[in-house]
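Dear colleague,

Please find below the structure that I am handing over to you. The notes that follow set out what was found in it.

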Amino acid sequence: DIPSEDVTPRVKEILSGFMPATAVEKQLTVMASESYRDLLRHDPAEWMPKVKCPVFALNGINDMQVDAEPNLKAISESIPQAKTKAYAGLNHLLQPCDYPTINYGAIQQTIDTRALSDILDFLLTTFPAYGDAQ
């Protein structure tokens with residue numbers, strides 16, 4: 001476990017290549033927080049096989065924080081009933097982006113309509129009674 005102050009200069013240098021200076025300082029604050037570091041230390045592999053409910057895991061391919069292919073593969077292998085889908089041209093927040101970026105704040109659209117449509121289809125297929133309520 002490396003202290004934040006030991007990695008901050010290098011992380012700042014790396015982030016500066018991907019986002020505006022004002023965003024770099026905010027991102028550093030988040031990344032140095034204990035809750036963020038706990039999240040990075042967490043390994044969901046021990047919990048995923050215990051999931052018994054329906055799962056629909058979505059991930060955008062154009063992302064620098066979450067690599068869609070290995071993450072969706074791990075979910076599929078650990079949760080047999082899971083349905084997964086990777087989206088070209090989206091980040092892991094399911095926002096449209098032409099290339100991998102971590103500058104999420106510059107993207108105006110909150111979630112791509114393809115993903116919303118697929119989520120709705122999954123819910124209506126998995127829980128048909130909800131469709132009857134409309």
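Leaving aside its neighbours within four places in sequence, which residues is Met48 in contact with? Met48 is in contact with Ala74, Ile75, Ser78 and Ile79, where contact means heavy atoms within 4.5 Å.

Before the remaining findings, a note on their basis. This is a predicted model, in which local features need pLDDT of at least 70 and side-chain atom pairs count only at pLDDT 80 or more, while totals for chains, interfaces and linings use all residues. Residues are numbered from 1 along each chain as its sequence is written, and side-chain values use heavy atoms, with hydrogens and water left out.

Overall organisation

The chain has six helices and two strands; helices (H or I, at least four residues) and strands (E, at least two) are DSSP runs, numbered from the N terminus. Along the sequence their order is α-α-α-β-α-β-α-α. Of the 134 residues in the chain, 27% are buried. Buried means under 20% relative accessible area, exposed means over 50%, and partly exposed lies in between (1.4 Å probe, protein chains only).

Ser78, one of the residues in contact with Met48, is placed in helix α4. Beyond its neighbours within four places in sequence, Ser78 is in contact with Met48 and Pro49. A polar atom of the Ser78 side chain also lies 3.0 Å from the backbone oxygen of Ala74.

Packing of α2 and α3

Helix α2 (residues 21–32) and helix α3 (residues 34–41) pack at an angle of about 65°, and their axes are 4 Å apart. Here the axes are lines fitted to C-alpha atoms, for helices over the stretch in contact, and angles run from 0 to 180 degrees between N-to-C directions. On the α2 side the residues are Val30, Met31 and Ala32, which meet Glu34, Tyr36 and Arg37 in α3. By class, this contact has four nonpolar, no polar and two charged residues. In that classification Ala, Val, Leu, Ile, Met, Phe, Trp, Tyr, Cys and Pro count as nonpolar, Asp, Glu, Lys and Arg as charged, and the others, Gly among them, as polar.

Salt bridges

A salt bridge is a side-chain nitrogen of Lys or Arg within 4 Å of a carboxyl oxygen of Asp or Glu, and by this rule the count comes to seven. Three of them are described here.

- Asp118 pairs with Lys85, and the closest N and O atoms are 2.8 Å apart. This pair links distant parts of the chain, with Asp118 in helix α5 (residues 113–126) and Lys85 in strand β2 (residues 83–87), 33 residues apart. Asp118 counts as buried at 17% relative accessibility, whereas Lys85 is partly exposed at 34%. Not counting residues up to four places away in sequence, Asp118 touches Phe56, Lys85 and Tyr87.
- Glu34 pairs with Arg41, the closest N and O atoms being 2.6 Å apart. Glu34 is partly exposed, at 47%, and Arg41 is also partly exposed, at 40%. Salt bridges that share partners join Glu34, Asp38 and Arg41 into one network.
- Lys73 pairs with Glu77, with the closest N and O atoms 3.9 Å apart. The two residues are four apart in helix α4 (residues 68–78), so about one helical turn separates Lys73 from Glu77. Glu77 counts as exposed, at 58% relative accessibility.

The loop between β2 and α5

Leu94 lies in this loop and has a phi near 65°, a positive value in a residue other than glycine. Most residues other than glycine have a negative phi. Leu94 counts as buried, at 8% relative accessibility.

Gln108 is placed in the loop between β2 and α5 as well, but is exposed, with a relative accessible area of 72%. Gln108 and Gln95 are 13 residues apart in sequence, and their C-alpha atoms are 8.4 Å apart in space.

With kind regards

Key:
Polar contact = N/O pair within 3.5 Å; in protein donor to acceptor, adjacent residues only side chain to side chain.
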